[in-house]
Amino acid sequence: MENKNIISQKIIYTHHSIVTLSKRRINVEMVEKALEYGRHIYANGAHICFVGKKEVKRAKNMGVNIQNLDGLNLIMQEQDGKIILVTGFKNSSLKRYKH
């Protein structure tokens, strides 16, 4: 799963992701911006999109303000060629993904 493929494909939201994103006040526009400007890593069998201070700064240099996304984590999986958003949350540390 490459970053460009994720951005160009439609994301399938699970029921769990809809509920948790709503509770955490994370909307579709925020998800789309995170996918475009965030850091994409693979860990624990999942694709993670993370927006941290470096990504916020890089986007700002491009003229895009994503300060409100700082710390956003999106957990996705690929299933049958489709990208499924499992959940999203805010946490400014990547330590949980390091081996």
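Two strands count as paired here if DSSP finds at least two bridges between them. With that in hand, let's look at the sheet in this predicted model.

Five strands line up as an open sheet in the order 1-5-4-3-2, and the pairing is mixed. Strand 1 (11-13) and strand 2 (39-43) sit at the edges with a single partner strand each, so one side of each has no neighbour in the sheet. From one strand to the next, the twist averages 35 degrees. As background, strands of a sheet pair through backbone hydrogen bonds, either parallel or antiparallel.

If you want a spot to look at, Tyr 13 stands opposite Leu 85 in strand 5. Helix 2 (residues 15-23) lies across strand 1 and strand 5, and runs at about 25 degrees to strand 5.

Now over to strand 2, where you'll find His 40. Is His 40 buried or exposed? Its relative accessibility is 14%, and buried means under 20%, so His 40 counts as buried.

| Side chain | Other group | Distance |
|---|---|---|
| His 40, a polar atom | Leu 35, backbone oxygen | 2.9 Å |
| His 40, polar contact | His 47, side chain | 2.7 Å |

So what does the side chain of His 47 do here? The side chain of His 47 makes a polar contact with that of His 40, a residue of strand 2.

Definitions and conventions
Residues are numbered from 1 along each chain as its sequence is written. This is a predicted model: local features need pLDDT of at least 70, side-chain atom pairs count only at pLDDT 80 or more; totals for chains, interfaces and linings use all residues. Side-chain values use heavy atoms; hydrogens and water are left out. Helices (H or I, at least four residues) and strands (E, at least two) are DSSP runs, numbered from the N terminus. Axes are lines fitted to C-alpha atoms, for helices over the stretch in contact, and angles run from 0 to 180 degrees between N-to-C directions. Contact means heavy atoms within 4.5 Å. Buried means under 20% relative accessible area, exposed over 50%, partly exposed in between (1.4 Å probe, protein chains only). A polar contact is a pair of N or O atoms within 3.5 Å; within protein, one must be able to donate a hydrogen and the other to accept it, and residues adjacent in sequence count only if both atoms are side-chain atoms.
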